[in-house]
Amino acid sequence: MAAEKEFESKISASSSLPVTAESVRLRLLIRISSVGVAGAGLAALLGWVLGIPVLASLGSGMIPVAPSTAVLFLLYGAAILLRSIFPLQRGPYLAGLFIITAGALISLMLLMLSYKGIRLEAEHLGFEIVNAAGEVPRGHMSPLTAFCFLLAALSYLSSLWSSPLRSRRASVGWWLACLLIAISTVLILAYLYGVPLLYGSSFIPPALLTSLAFLAMGIALIGLVAPRSWLMRQPTESPARASHAFILVFLLLAAGIVTAGFLYHRNLELRHRSEVEHQLKAIADLKTSEIVQWRKERLSDGAVFYGNFNFARRVRDYFEKPDAGTRESLKIWLDGIQKASQYDRIFLLDAGGRVRISVPEERTPISDQVLRHAVKTLQSKQGDLTDFYRNEHDGHVYLSVLVPVRERDDEEHAVGVLVMRIDPGQYLYPLIIRWPTPSRTAETLLVRREGNEVLFLNELRFQKQAALNLRRSLDQTELPAAQAVLGRQGIFEGRDYRGVPVIADLRSVPDSPWFLVTRMDISEVYAPLRERLWMMVALIAALLMGSGAVVGLVWRQQSTLFLQERYRASEALRESEERFRLLIEGVKDYAIFMLDPFGHVMSWNQGAERIKGYQAEEVIGRHFSCFYPEEDLQQGKPQQELDKAAAEGRFESEGWRIRKDGSRFWANAILTPLKDETGGLRGFSKVTRDITERRQAEEEIKTLNEELEQRVRERTAQLEAANRELEGFSYSVSHDLRAPLRHITGFAELLIRKAPAALDEKSRHYLNVISEAARQMGKLVDDLLSFSRMGRAEMLQAAMNLDMIVSEVVEVCKTEVRGRNIVWKIGRLPHAYGDKVMLKIVFENLLSNAVKFTRTKPQAVIEIGCINDQPHESVLYVRDNGVGFDMKYVDKLFGLFQRLHRPEEFEGTGLGLANVRRIIHRHGGRTWAEGALNEGAVIFFSLPKIKEV
């Protein structure tokens, strides 16, 4: 009973308020706010239970309150409400302490996990929450929310541990509550301005309902701690300290004003940026469609000549019997096309690539690139538009439409080629460069990829002679043109060929190797916002001056109260220091003592007497280096520790220390500098703990670890010796078995060649059987050695393209089966990470088996593909329509020397699929097969997918 009365008296001292009209209104405010906090959590939970998302998010498209957050709001609100209704009762006090402490620990854990990118499914509390890819994760607490819960818990605990004589703790709680209100206010303003914070970032944003609940919680916490803080009591600090508090209040107000102005300007900036992006997209659409239409018109010009058999007949007549009349008629015809369609020049080439007619006549030869392209056009049956090229004779950039001249569609070879050369500077470059609205930096770029570079095709606004001259490496990832040719589409922000920040729209030109970049300098994009920005700065400055004046007046009034309470504050401080001294002297497990700035002992507690053996009168005044062994003194460690602690604010170390009797103990020591209000060094506090037993345990663990490492090294050496012995055995088998096999094969072949007449048909058959068996035995030895090496060979793993490996193996198979009717179906294969040589052996074995077992089919069909429906692996397969196998023998298919067909039907050693299984298993995959007699077979194997970093 006495203990309970003492507890209640402490609660009364820390929680009671004078019964005044002001205190009644304050408690009512606390209760209303705490009910609002709990109500927000309850509403969010009902939203999850009833499937009504708007209860948890307060709007469509906004992040909802996580179930874990809703539960904490419910508990925090209940704890604050109990504290307000029953301030003097032990049960509600302990319940609130337990709830808030547990909430703080949970919030701290979720904050740390969220910082590391770990999100627990337990936060969903059993609710089914599906998060779509690329969207903001739902059902998990935001890191900022967890931080606010920590602030609220610390503020609440400060109110519990404060009293009229401990107003500093209440002041800490007051400032924490103010910080909570400031954060929630900024979040709410961001929602009101339409630019909620953290949306689109890597962090989960707090919900709108969460921000409102934190605002109510901050108000309730201020109501709890304010009566015992400096705000509601007569101040006990100096005017200088009070000025710091008012400066902080002013900074909070200024932060709110600046944040609100920033959010407004940011919202305006985002809307303006969206309009610019829309303009860039519209211009890019227009340019792309114009370029596509221009290409179609040029190709349609070529189609007119390709289908004109009368023109082709005249061209043939002229080539066979040149005469001035035919030449003149053709020139008139070509001259009309050249002028009507604005072609720079039109050439008529014969089948040998010679220029027979040129309109208009000029001496500059035709480009070699066009001549090479004309050779291909002779074999084609349609016109073609070349890419941009530079004529090596005159240095100009051109494009050309090449049309094969044919008298009939079924004619094998064309009579000649009609080349219609285009000067892009006449129409195409102006079309690309033209910008529909006034702009000083906007520009359209036409580019294409050449190797590992991006090539600029048109003349540029800010660089002369750039067409087909300006190149940039694709490694310049900030370059919009590089991103375009790498396949990126849409809006991109980077730096252009001048190194200037730009915003650009990237897209490809359909049916061409070209890419279009429409861009504008960032400086021009945001130029219209500068005037509004200055107006906003002026408004913010006026508000800051007004808030500063108000805070200054309040501070002036409060500063007079500081002077009146100085005496009582000093008395309270003296009593507090006395209690602190009694607390320190009563600690027995830690040596706690004070040092002056030079390291001399100034105080000594009972724990120091027990651990170090000195009495207070024996050690006070001595330098603390007397506790260090001789080797540490020679190295100057005591002074080094003082210097580090003074410089870094704290120094912790472990090492041997000396007791009074000369015995040693392993100590953990924390040295902390003590500084006054001006930052001057007043001394040090040192806390020392004897951890000798722990060090001995660590030494034992270290010894055990060293023994374990030695055993591992011994086992590794044994394994390496076994591998070397196995390699020697493999070499011996290879050498000793191959030599007699070569003798058997060689002598059998000699006997067949030397004495063909002396041997009858059956004898020659026997010799052929012997020779074939020896060769089969040699292949079996080779396969066995290969199988053995595959189990020991070091894997050189790297990322690779399986399509390239399969294409190489297929080409080899095609050369070996010429004359057979085989249909190859090769699907798109994924990239893999593994040993290229080993995986090539896998495909060689599987495809050679498919070729072999489809030998009896009039048309063989072999299919290679991939099944991409597994989350952690890629499943590949090789399917054929050959003889197949009976599924009851499928377990033998991958075994050593296991064959499901007679050797006279299909050759082989029975090691190919065994080797495949071993290689795939070494890559971490698996193998299996399916088949049916005379209906074909399919071999499956899997490879782990490449992990994305």
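Ring pairs tie Phe73, Tyr76, Phe149 and Phe214 together into one cluster. Keep in mind as you look at it that this is a predicted model.

**Aromatic rings**

Across the structure there are 18 aromatic pairs. Take Phe73 and Phe214: their ring centres sit 5.0 Å apart with 65° between the planes, an edge-to-face pair. This pair connects distant parts of the chain, since Phe73 belongs to helix H4 (residues 67-85) and Phe214 to helix H8 (residues 208-225), 141 residues apart.

Now move on to Phe843 and Phe941. Their planes make an angle of 75° and their centres are 5.7 Å apart, so this pair is edge-to-face. Phe843 is part of helix H25 (residues 836-853) while Phe941 is part of strand E23 (residues 936-944), so parts that are 98 residues apart in sequence get tied together. Both Phe843 and Phe941 are buried.

| Arginine | Ring below it | Distance to ring centre |
|---|---|---|
| Arg83 | Tyr156 | 5.9 Å |
| Arg295 | Trp514 | 5.1 Å |

**Helix H5**

Helix H5 covers residues 90-115, which is 26 residues. Just after H5 comes Gly117, with a positive phi of about 80°.

How many of the nine residues of strand E5 (residues 397-405) are buried? Nine of the nine are, so the strand is largely enclosed by the rest of the structure. In a regular strand the side chains alternate between the two faces of the sheet. On E5, Val397, Leu399, Val401, Val403 and Val405 point one way, and Tyr398, Ser400, Leu402 and Pro404 point the other way.

E5 pairs with strand E3 (residues 384-385) in the antiparallel sense through two bridges, and Asp384 stands opposite Leu402. Strand E4 (residues 389-390) is also antiparallel to E5, again over two bridges; there, Arg390 faces Val397. The hairpin of E4 and E5 has six residues between the strands, and Gly395 in this hairpin has a positive phi near 75°. E5 and strand E6 (residues 416-422) run antiparallel and are joined by seven bridges, with Val405 and Gly416 as bridge partners.

**A four-stranded sheet**

Elsewhere, an open antiparallel sheet has four strands in the order E13-E16-E15-E14. Strands E13 (591-595) and E14 (651-658) stand at the edges with a single partner strand each, so one side of each has no neighbour in the sheet. On average, neighbouring strands of this sheet are turned by 30° against each other, ignoring direction. Helix H21 (residues 637-648) lies across E13, E14, E15 and strand E16 (681-690), running at about 40° to E15.

Technical notes:
Residues are numbered from 1 along each chain as its sequence is written. This is a predicted model: local features need pLDDT of at least 70, side-chain atom pairs count only at pLDDT 80 or more; totals for chains, interfaces and linings use all residues. Side-chain values use heavy atoms; hydrogens and water are left out. The expected span of a helix is 1.5 Å times one less than its number of residues. Buried means under 20% relative accessible area, exposed over 50%, partly exposed in between (1.4 Å probe, protein chains only). Two strands pair if DSSP finds at least two bridges between them. Axes are lines fitted to C-alpha atoms, for helices over the stretch in contact, and angles run from 0 to 180 degrees between N-to-C directions. Contact means heavy atoms within 4.5 Å. Rings of Phe, Tyr and Trp (its six-membered ring) pair if their centres lie within 6.5 Å; planes under 30 degrees apart count as stacked, over 60 as edge-to-face and the rest as tilted. A charge sits over a ring if NZ of Lys or CZ of Arg is within 6 Å of the ring centre and within 35 degrees of the ring normal.
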